[in-house]
Amino acid sequence: MEFFMGSVLPYGAFSVFLGGVLFRVSGWLRTPVPFQLTLFSVPRNRIGKICLIFSEVLLCRTLFRQDKLLWVWVWLFHLSLFMVIFGHLFGIFYLRDQFCLVGFRPEQSQVLSVFLGGIWGTLMALSLLALLYRRIFNLEVRRLSSPDSYFDLLLLLAITLTGIFMYAPGFHPELHDVRAYMAGLLLFDPIPLPRSPIFVAHFLLVSLLLLYFPFSRLVHLAGFLVIRLMLVEAPPEYPIPGHKRPRSIFTISKFQPEIPLFSKNSVKREGRSV
Amino acid sequence: MKIPLRLAKNKDLPSIGINHVAETNLCSQTLQLLDEYRAFTRSLSVMLENCTGCGACAKACHSYLGTGDFFNIPAARAGLLRRIFVRYFTWSGRIFGGFAGAGEIERGILDRWVEYFYQCNACRRCAVFCPFGIDTGEVVLAGRNILSRLGIVPSFMADIARNELTSGNNTGILEPAILDSCSFLEEELLEETGLQIKIPVDKPHTRILYLPSSSELFVNSDTLMAAAKVFHYLGLDWTLSSMLLEAANYGLLFDREVMKKHNGRIRAAASAVGAKKVLMGECGHGWRAARMYTEGANGPFPFQLQHILELVAECLPELRLTKLPIRATLHDPCNYGRGAGLVDGPRKIMRACVADLVEMTPNRDRNFCCGGGGGLLMDEMKQIRMQLGEKKAEQIRSLLPLDYIAVPCASCKAQFPLLIKHYGMGEVRTGGVIDLVGKSLDMRGSAVFAGREPNLT
């Protein structure tokens, strides 16, 4: 069992996550876009388009325009998620000394790392709770939700809370052990999981998230870009040259008009009136 | 909410290339069509699979705001299709079933599709406000396509499609009637201006083929007459075509095969008169169909394609216009604002033609639909259309007193008079943007251009 949880599960979960997301995205990208779905107004040049997509990715610009309150929670959640992931990477690798890289003293870096981790973790939990509250108490959104919508939020909330819980005295796993374990995974030489129940719970929940991610609506992190790219495509320019690559097989099948091209009457009328 | 939509009879369907599907095969056929459609276009699967149900679209949709029906929230409307799609074509739906929001296919769901896909104007406003850019209009059009391949088509659409396929225009006007009304309009123009302004039909070796909305021959004839005046003034070599007297393409709104066939006529009609440029008249979805769908439907297109409002906006410096002393506003048809990016041209023209131009809020690509788009112009849907147009009526009311609302789209032109009458603003006149140019154009200026071909691209 320990071998399974410590060695098989992390590799399995990560492969499913990566493979699943790639499979779904490539599945979308393989399907043709038979007609330009440009959603105007769209910038003409490439830089404008890149700026537009980045402002959507980094700032959720559209949501800000539409619903400021929802935007606060959504943006805060995604930002804190991003921050927490980076915090994990640096904090574990440098054993909380990462801020020494920007000129802090080691003891300052330790405090700052603990403090920032706590703040972002709390913000993440708060924003998830706010989103959950909205899903339950906003009648429209409640009716739009299916069980998995709640499950997504609860799973993320559980991961966040187990993460924060590790701050509690007595539950704190040794960072050295965690780093040694992660290093073992990365070097394909896994060692047993650190002996901290709360860490194991946190770790198992993250594995579950990775396993579940590609099959769920959470895949919107990738699908979002696929949609946005369709919407900023340049509209066609006329005349369309004959050598341009057909957009799909629908374009290729030919159609012949059923009524004659010319009619004698109308030509005669023209002749008379000119 | 039940809608009083009349469906076409089975015997009328083969004439528009649709076969009737037996009642017992409906469900299995639906799944097969859904499978074909998802292989046909990327938009369907990616838009259905990524919606998180955040509800941001609810406040953006005039249909939900006007009717208050939950299933008119774009996410819920798309959800009617999503539950089937997820159940049969995604891993999560096959494994988790109802937990992932999946539902089994049953006959009843098709009735729901008809009900709610035909309360959507496919105006794409939800796509502008969705954080992911999910375009419920695309999902609705996919749903309507599947329904029509199952033999479930509103009789209004089926009639128009039959007219488009046989006569080349929505109203089914045949050539003698076209010639007749053009002669009549020429006489009207002679009376009005004292000039011999021609409305040529099928004139060979012409540079420009003009595709008006067929309603301009009878109902909105001011638009066609104004266009003829402008062309005469500029000395353009133009003609109408009796084989395609229509900018609209109803196929876009319910069946892609019909869309393709009708769209193919543009090329055929332009070749027939030897045109170099195809000029589209004031029609919202027609302009989107021509500009955005021609390449995908029929491939290479060896002609230039331009909208009449773009052409007139380019030629404004050459036109001698006197500003009309009226207070007017411009309604941005959805298919111009969001569908094909035509918002600046009409404004330029309006500013040159009227003394007081006021803007609606919101406008341009965030404008509300009038409730007449997406092919919902059938008589039996009038009551629902009035509800769909509630937001538009509010927008107009906040601008009163108004003399004129410019609506450069044939569907809007049919909806607006009913809408403003329904909401008690019957004194406001509506009409096209070109109509205004016709009224404010001083034809004496045309002498400047007599005998020379203006070098327009």
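Ring pairs join A:Phe35, A:Phe250, B:Tyr37, B:Phe40 and B:Tyr293 into a cluster. The model is a predicted one.

A pair of aromatic rings is described by the distance of the centres and the angle of the planes. Over all chains, the count comes to 36 aromatic pairs. Among them is the pair of A:Phe151 and A:Tyr212, with 5.1 Å from centre to centre and 80° between the planes. This pair is edge-to-face, because its angle is over 60 degrees. Distant parts of the chain are linked here: A:Phe151 belongs to helix H7 (residues 147-165) of chain A and A:Tyr212 to helix H9 (residues 197-212) of chain A, 61 residues apart. A:Phe151 is partly exposed, with a relative accessible area of 29%, whereas A:Tyr212 is buried, at 8%.

In chain B, B:Tyr210 and B:Phe231 form an edge-to-face pair, with centres 5.3 Å apart and 80° between the planes. This pair also links distant parts of its chain, 21 residues apart: B:Tyr210 is in strand S1 (residues 208-211) of chain B, and B:Phe231 is in helix H11 (residues 221-234) of chain B. Both B:Tyr210 and B:Phe231 are buried.

The next feature is a helix contact. Two packed helices are described by the angle between their axes and the distance between the axes. Helix H2 (residues 42-49) of chain B packs against helix H4 (residues 74-89) of chain B at an angle of about 95°, and the axes are 10 Å apart. The angle falls within 65 to 115 degrees, so H2(B) counts as roughly perpendicular to H4(B). H2(B) contributes B:Leu44, B:Ser45, B:Leu48 and B:Glu49 to the contact, and H4(B) contributes B:Ala78, B:Leu81, B:Arg82 and B:Phe85. By class, the contact of H2(B) with H4(B) consists of 5 nonpolar, 1 polar and 2 charged residues.

B:Phe303 lies between helix H14 (284-298) and strand S4 (304-307) of chain B, in the loop that joins them. B:Phe303 has a relative accessible area of 8%, under 20%, and therefore counts as buried. Leaving aside residues up to four places away in sequence, B:Phe303 touches A:Tyr238 and A:Pro239 of chain A, and B:Arg267, B:Ala270, B:Ser271, B:Ala275, B:Lys276 and B:Val278 of chain B. The C-alpha atoms of B:Phe303 and B:Thr52 are separated by 43 Å, and these residues are 251 residues apart along the chain.

Notes
Residues numbered from 1 in each chain as written. Chains lettered and ligands numbered in written order. Predicted model: local features only at pLDDT ≥ 70, side-chain atom pairs only at ≥ 80, totals over all residues. Heavy atoms only, no water. Phe/Tyr/Trp six-rings, centres within 6.5 Å; stacked < 30°, edge-to-face > 60°. Helix = DSSP H or I, 4+ residues; strand = E, 2+ residues; numbered from the N terminus. Buried < 20%, exposed > 50% of the residue type's maximum accessible area, 1.4 Å probe, protein only. Axes fitted to C-alpha atoms, helices over the stretch in contact; angles between N-to-C directions. Parallel < 35°, antiparallel > 145°, perpendicular 65-115°, else oblique. Contact = heavy atoms within 4.5 Å. Nonpolar A, V, L, I, M, F, W, Y, C, P; charged D, E, K, R; others polar.
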